[in-house]
Amino acid sequence: MSIRRSIKSRRVVAAISVTAALALAVTGCGAEDGGGTKDTGSPSSPASPKSSDEDKGTKQEDTAAGENVDPNVKLAEARGDKNMLLVINQVKRDSGGFVTVQGELKNQGQTVVNPSAWAGGEAAIVSKNLNSVGGATLVDKVGKKRYYILRDTDGRCLCTTGMSAVQPGASVPVFMQFPAPPAETTEVDFNLPTFATTSLKISG
């Protein structure tokens, strides 16, 4: 009996030793993993934030219409179909060689107005500028030249796009950028599809 007890005791001691060794090994691995996790979160490997250029692009699209414009200044008005009214608040010549027209579309009727007609009639252009004011033009009668809205290399207009249907009583700020006429041209005719032509004086 003493021999059997001695053997059993040795087995228990051996098992305890193995368990202790494994525990130490696991503890060691856990410490290494913790260190690795801390390194991953260090400033040397930050998550890639959204670029400032992308932020600027988004903000430009959201705020270009009506930016730095006094809504109380009314340079011209044009009546459109379905009791729509276009009020022009600013017509400014910029140093970059373009003219920016800003205003507000107001639905003074009783029906919802779809903006699709304001994108113009040229299929190749309209397809990339749905629900926009991309069909607007400026006409220099003295220079006998028509100016269309500027567009990027993908054909998207530099104007208000992605417009929703205008509800009765609602107003929508809009902007349009055109190539600038010669410096001596200070007055142009403005036209937006479905609206009457109106004369605009260029400032700046």
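**A charged network and its surroundings**

Mentor: Start with D154, which forms a salt bridge with R156; their closest N and O atoms are 3.3 Å apart. The term salt bridge stands for a side-chain nitrogen of Lys or Arg within 4 Å of a carboxyl oxygen of Asp or Glu. Side chains of opposite charge can pair when their charged atoms come close.

A word on the source before we go on. This is a predicted model, in which local features need pLDDT of at least 70 and side-chain atom pairs count only at pLDDT 80 or more, while totals for chains, interfaces and linings use all residues. Residues are numbered from 1 along each chain as its sequence is written, and side-chain values use heavy atoms, with hydrogens and water left out.

Back to R156. D152 also forms a salt bridge with R156, again with the closest N and O atoms 3.3 Å apart. How exposed are the partners? R156 has 43% relative accessibility, so R156 counts as partly exposed. D154 is partly exposed too, at 40%. D152 has a relative accessible area of 29%, so D152 is partly exposed. The cut-offs are these: buried is under 20% relative accessible area, exposed is over 50%, and partly exposed lies in between (1.4 Å probe, protein chains only). Now put the pairs together. D152, D154 and R156 form one network, joined by salt bridges that share partners.

Next, look at N129. R156 is one of the residues in contact with N129 once neighbours within four places in sequence are left aside. Contact means heavy atoms within 4.5 Å. N129 sits in the loop between α3 (123-126) and β4 (137-140). With 1% relative accessibility, N129 counts as buried. The side chain of N129 also has polar partners. One of its polar atoms lies 3.0 Å from the backbone oxygen of G155. The backbone nitrogen of C157 lies 2.6 Å from a polar atom of that N129 side chain. For such a polar contact, the N or O atoms must be within 3.5 Å; within protein, one must be able to donate a hydrogen and the other to accept it, and residues adjacent in sequence count only if both atoms are side-chain atoms.

The structure holds four salt bridges in total. One of them joins the side chains of D189 and K141, at 3.5 Å from N to O. This pair links distant parts of the chain, 48 residues apart: D189 is in strand β7 (residues 187-191), and K141 is in the loop between β4 and β5 (145-148). At 18% relative accessibility D189 counts as buried, whereas K141, at 57%, counts as exposed.

The ring centres of W118 and F195 are 6.0 Å apart and the planes stand at 55 degrees, so the pair is tilted. W118 lies in the loop between β3 (98-107) and α3, and F195 in the loop between β7 and β8 (198-201), so the pair ties together parts 77 residues apart in sequence. Rings of Phe, Tyr and Trp (its six-membered ring) pair if their centres lie within 6.5 Å; planes under 30 degrees apart count as stacked, over 60 as edge-to-face and the rest as tilted. W118 is buried at 2% relative accessibility. F195 is buried as well, at 7%.

P193 is found in the loop between β7 and β8. Beyond four places in sequence, the contacts of P193 include W118, G120 and A136. P193 and G120 are 73 residues apart in sequence, yet 6.4 Å apart in space, C-alpha to C-alpha.

Finally, the whole chain. The protein chain has three helices and eight strands. These are DSSP runs numbered from the N terminus: helices are H or I, at least four residues, and strands are E, at least two. Buried residues make up 31% of the 204 residues. The mean pLDDT, the predictor's confidence in each residue from 0 to 100, is 77, and 65% of residues reach 70 or more. Over residues 16-63, pLDDT stays under 50, and the model has seven contacts there beyond four places in sequence. Where pLDDT is low, the predicted coordinates should not be read in detail.
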